[in-house]
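These are my notebook entries on one structure. I record what I looked up and what I found.

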Amino acid sequence: MLNKILNHLPGDHPWQNLITWYDTIDSTNTRAKQLALSGAPHGTVLMADRQTGGRGRMGRSFHSPSGCGVYLSVILRPRCAPRELMHLTCATAVAARAAVEKATGLAPDIKWTNDLVCGRQKVAGILTELVTVGSETCAIVGIGINCCQKSGDFPEELRDIATSLAMVSGKEIDRSLVAACLIQELWAMDRDLLTEKSALMARYQAACITVGKDISLLLPGEVRHGHALGVDGDGALIVRFEDGSTEPVQSGEVSVRGMYGYL
Ligand code: BTN
C-alpha cells in the first residue's frame, strides 16, 4: 500500500521519506504523540490499514476496520504559540475535503467543527491534538476517512449516522489515491496555515453545513438551543441562542437539526 501511495505523489514530495505504514496499530494519533515527544521531525506521517483503538473527539472511538479506510496522522511543528493554532481543526477539515474531492469528485460538507458529511451522514472525522515538547508546540493532526465500507461493515449503532465514499458514489474507491491526495493537501495546509488564515477560514465557512441551521449545544448537564450564524477566524461557531444572546462556541457537541438522526 505504501508503494501505491508513493506512486501517486510527486517524486520530490517533501514528506515522502517520512511516511510509515502500519498493518495494525492502536491509534496513529497515540503513536504520533509518542514519536513527537521523542523528536520525530515535522512532516512525519503515520498511516494504518486498521486501528484497534482509533480515537475521536470527546473521548469517543473511531471505528477503523481493515481494508476500508484512510487512517492518517501527521506531526507538525509549526513554530508558533498554541493560541495561533485555534483554526487548525478547521484548516484540516478544508484540506481533507479538498483531498476527497480531488480523489473522488465528491465534495463533502463540513459539520462544525470536525466532521465531513455526505447528506446527513458522517464520512470522515478529524482529531487534532497539541503536545508541548520543551518550549515547542507540536500538533498531531489525525484524519479518518471511511472509503470502502459497505453498510454491513459498520456496527449496528453507526449504520444510520456513518457512510463511506464508496456507498455515496456507488463506485470503488482507491484508498491509496485518497491517502496521497490527503498528504498533498495537508502539506499545502501546513504551508498556508499561518499566512493564509482568512482564506482558509473563508473556505471553511463556505463548506460548513452547520452555518444557517438551528442547532443544539450539548454541554455537561445542559442543552442550549440556538441558530448558527457563522464561524469566526479562530473556528468558533457564532450562535444566537434562544435567550437572544449571541456567543462564540469553542467546544462542546453541536447537533444540527436534520443530521445524525436529530430531526
Ligand atoms: C472524530 O470523529 O471525532 C474524529 C475521528 C478521528 C479519527 C482519526 S483516524 C487517524 C487518527 N488516529 C486516531 O486514533 N484518530 C484519528
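Which residue in the turn of the hairpin formed by β8 and β9 has a positive phi? I found that Gly221 does, with a phi of about 75 degrees, and that two residues lie between the two strands.

**Entry 1: Basis of the notes.** I note that this is a predicted model, in which local features need pLDDT of at least 70, side-chain atom pairs count only at pLDDT 80 or more, and totals for chains, interfaces and linings use all residues. Residues are numbered from 1 along each chain as its sequence is written, and side-chain values use heavy atoms, with hydrogens and water left out. Helices (H or I, at least four residues) and strands (E, at least two) are DSSP runs, numbered from the N terminus. Two strands pair if DSSP finds at least two bridges between them.

**Entry 2: Strand β8 and its partners.** I looked up strand β8, residues 214–219, and found six bridges to strand β9, residues 222–231, in the antiparallel sense. Strand β8 is also joined by four bridges to strand β12, residues 253–256, again antiparallel. Ile215 illustrates both pairings: its bridge partner in β9 is Gly226, and its bridge partner in β12 is Val256.

**Entry 3: Strands β5, β6 and β7.** I then followed strand β6, residues 121–133. Four bridges join β6 to strand β5, residues 115–118, and the two run antiparallel. Asp115 has Gly125 of β6 as its bridge partner. On the β7 side, 10 bridges join β6 to residues 136–146, also antiparallel, and Glu129 stands opposite Ile140. Each pairing is a hairpin. In the turn between β5 and β6, two residues long, Gly119 has a positive phi of about 65 degrees. Between β6 and β7 there are likewise two residues, and Gly134 in that turn has a positive phi of about 65 degrees.

Entry 4: Where does the ligand sit? I found it in the largest pocket. A pocket here is an open set of points on a 1 Å grid over the protein atoms alone, where a 1.4 Å probe fits, with protein on both sides within 12 Å along at least five of seven lines. A molecule sits in one if more than half of its atoms lie within 2 Å of its grid points. The elements that give two or more residues to the shell around the ligand are α2 (28–37), β3 (69–76), β6 and β7. The largest share, four residues, comes from β6.

I counted 19 residues around the ligand (a heavy atom within 4 Å). The closest are Ser27, Gln51, Arg55, Arg57 and Lys122. A polar side-chain atom of Lys122 lies 2.4 Å from an oxygen atom of the ligand, a polar backbone atom of Arg55 is at 2.7 Å from one, and a polar side-chain atom of Asn114 is at 3.4 Å from one.

Entry 5: Most residues other than glycine have a negative phi, and most peptide bonds are trans. I therefore noted two exceptions to these rules. Met58, in the loop between β2 (44–51) and β3, has a positive phi near 55 degrees. A cis peptide bond joins Trp112 and Thr113, with omega about -15 degrees. Thr113 is found in the loop between β4 (109–111) and β5.

Technical notes: Polar contact = N/O pair within 3.5 Å; in protein donor to acceptor, adjacent residues only side chain to side chain. 1 Å grid on protein atoms, 1.4 Å probe; cavity = no way out; pocket = protein on both sides within 12 Å on 5 of 7 lines; lining within 4 Å.
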